[in-house]
Amino acid sequence: MKLVVQAKLLPTPEQAAALEATVRACNAAASEVAMVARERAVYRNYDLRKHTYAGIKADYGLGAQAAQHVIKKVADAYTVLKANIKAGRLGKPGSKRRRRAEGAPIAFRPNAAQPYDARMLSWQADARTVSIWTTRGRLKGVAYTGSPDQLKALATSKTGESDLVHR
């Protein structure tokens with residue numbers, strides 16, 4: 001069973017800048033990986049790693065886990081695109097919408113969500129803070145809040161993957 005809990009980070013201005021820079025770097029890297037995938041017709045996660053892992057780590061200042069998540073995000077996006085094309089959700093073969101989807105690499109918005117796992121983010125429920133990886137280093141003691149029910153669920157449930165979303 002998947003449990004979704006929403007929490008709002010309450011970063012200082014410096015922390016907010018680091019988090020925004022991280023989301024932007026991850027999404028810029030994802031767009032680059034998507035272009036490589038389209039150019040080389042390589043869409044599987046493992047195959048994409050061979051072509052892009054070292055480059056995006058160096059070019060965008062990503063850590064190992066962040067680079068893996070970026071590549072996986074791109075591979076998953078192409079899997080969804082392929083399924084939508086196969087199911088006919090993007091029109092009949094030759095339609096304008098379908099040609100556009102098939103012809104251009106997937107692009108990611110600068111503020112699109114970025115997945116984090118337990119190696120990149122940890123919750124301290126008793127102090128109501130989070131320790132989170134950014135391109136500017138790990139931020140510790142970032143405060144968060146949420147509804148009482150959400151905070152209780154966060155404190156009592158095992159945390160798997162989290163998504164960093166800029167709103």
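User: What's the handedness of the crossing of helix 2 and helix 3?

Analyst: Right-handed. Keep in mind that this is a predicted model.

User: Ok. Which residues make that contact?

Analyst: On the helix 2 side they are N45, L48, R49, T52, Y53, I56 and K57. Helix 3 brings A64, A67, Q68, V70, I71, K72, V74 and A75.

User: And by class, what does the contact of helix 2 with helix 3 have?

Analyst: There are 9 nonpolar residues, along with 3 polar and 3 charged ones.

User: At what angle do the axes cross, and within what distance do they come?

Analyst: The axes of helix 2 (residues 45–60) and helix 3 (residues 64–86) cross at roughly 135° and come within 9 Å. Helix 2 is therefore oblique to helix 3; to count as roughly antiparallel, the angle would have to be over 145 degrees.

User: Switching topic. Where is T129 found?

Analyst: T129 is in strand 4, which covers residues 129–132.

User: Why does T129 count as buried?

Analyst: Because its relative accessibility is 16%, and the cut-off for buried is under 20%.

User: What does T129 touch?

Analyst: Leaving aside residues up to four places away in sequence, T129 touches S122, W123 and Q124, plus G141, V142, A143 and Y144.

User: Now zoom out. How many helices and strands does the protein have?

Analyst: 5 helices and 6 strands. From the N terminus on, the order is β-α-α-α-α-β-β-β-β-α-β.

User: What does the C-alpha trace span?

Analyst: About 55 × 35 × 25 Å along its principal axes.

User: And how much of the protein do buried residues make up?

Analyst: 35% of the 167 residues. As for surface, the protein exposes about 10100 Å², with carbon and sulfur atoms supplying 53% of that.

User: Last one: what share of the contacts join residues at least 24 apart?

Analyst: 65%, taken among contacts between residues at least 6 apart in sequence.

Technical notes:
Residues are numbered from 1 along each chain as its sequence is written. This is a predicted model: local features need pLDDT of at least 70, side-chain atom pairs count only at pLDDT 80 or more; totals for chains, interfaces and linings use all residues. Side-chain values use heavy atoms; hydrogens and water are left out. Axes are lines fitted to C-alpha atoms, for helices over the stretch in contact, and angles run from 0 to 180 degrees between N-to-C directions. Helices (H or I, at least four residues) and strands (E, at least two) are DSSP runs, numbered from the N terminus. Angles under 35 degrees count as roughly parallel, over 145 as roughly antiparallel, 65 to 115 as roughly perpendicular and the rest as oblique. A crossing is left-handed if the near helix is turned anticlockwise from the far one by less than a right angle, and right-handed if clockwise. Contact means heavy atoms within 4.5 Å. Ala, Val, Leu, Ile, Met, Phe, Trp, Tyr, Cys and Pro count as nonpolar, Asp, Glu, Lys and Arg as charged, and the others, Gly among them, as polar. Buried means under 20% relative accessible area, exposed over 50%, partly exposed in between (1.4 Å probe, protein chains only). Accessible areas come from the Shrake-Rupley method with a 1.4 Å probe; for residues, only the protein chains shown count as cover.
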